[in-house]
Amino acid sequence: MIALLATVSLAGADVDRSAIRRVVKRHLHEVGACYEAEGKYDALVVIDFVIAKDGTVKSAAARDEGRPKLQTCLAGVFARMKFPVATSETKIAYPVRIRVSGQ
């Protein structure tokens, strides 16, 4: 199970939280593929990314408990996302909880 946590941190936010959540939800299958490729375990990963004014992701990096392949994969997923156009850059810290089903 993959859960998007409600504690999204936005800096310079010109993009609505619900719009960000909708975009991320559309890519959950890709997040799941990263998880499956790395092995099944519980994890809390925080993805730090910057949305440019045109809605593209300017930079993305993931932090977790030392799983570099998972971090790289998730950063790549977020880097490919397209968000609504905004009037300024938005910095985001987006936590994603990954749990083995049934736990």
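Start with Phe49. Setting aside neighbours within four places in sequence, Phe49 is in contact with Val57, Ser59, Ala60, Phe78, Phe83, Thr90, Lys91, Ile92 and Tyr94. Contact here means heavy atoms within 4.5 Å.

A word on the source. This is a predicted model, in which local features need pLDDT of at least 70 and side-chain atom pairs count only at pLDDT 80 or more, while totals for chains, interfaces and linings use all residues. Residues are numbered from 1 along each chain as its sequence is written, and side-chain values use heavy atoms, with hydrogens and water left out.

Now the core. A nonpolar core is a set of buried Ala, Val, Leu, Ile, Met, Phe, Trp, Tyr and Cys residues joined through side-chain atoms within 4.5 Å. Buried is under 20% relative accessible area, exposed is over 50%, and partly exposed lies in between, with a 1.4 Å probe and protein chains only. The largest nonpolar core has 27 residues, and those touching the most other members are Ile20, Ile47, Phe49, Leu74, Phe78, Met81 and Phe83. Two or more residues come from each of α1, α2, β3, β4, α3 and β5 (90-98). The biggest share is from β3, with five residues. Helices (H or I, at least four residues) and strands (E, at least two) are DSSP runs, numbered from the N terminus.

Next, helix α3, residues 68-79. Its 12 residues reach 16 Å from first C-alpha to last, close to the 16 Å expected at 1.5 Å a residue; the expected span is 1.5 Å times one less than the number of residues. Which residues of α3 are buried? They are Leu70, Leu74, Ala75, Val77 and Phe78. These cover an arc of only 160 degrees around the axis, so they sit on the same side of α3. The arc is that of the directions from the helix axis to the C-beta atoms. On the other side of α3, Pro68, Lys69 and Thr72 are exposed. The buried residues of α3 pack against α1 (17-26), α2 (28-38), β3 (43-51) and β4 (57-63).

Helix α1 buries Ala19, Ile20, Val23 and Val24. Their arc is within 135 degrees seen down the axis, so they line one face of α1.

Last, the cysteines. The structure holds one disulfide, a pair of cysteine sulfur atoms within 2.5 Å. It joins Cys34 to Cys73, S to S 2.0 Å. Cys34 lies in α2 and Cys73 in α3, so the pair ties together parts 39 residues apart in sequence. Cys34 is buried, at 3% relative accessible area, whereas Cys73 is partly exposed, at 29%.
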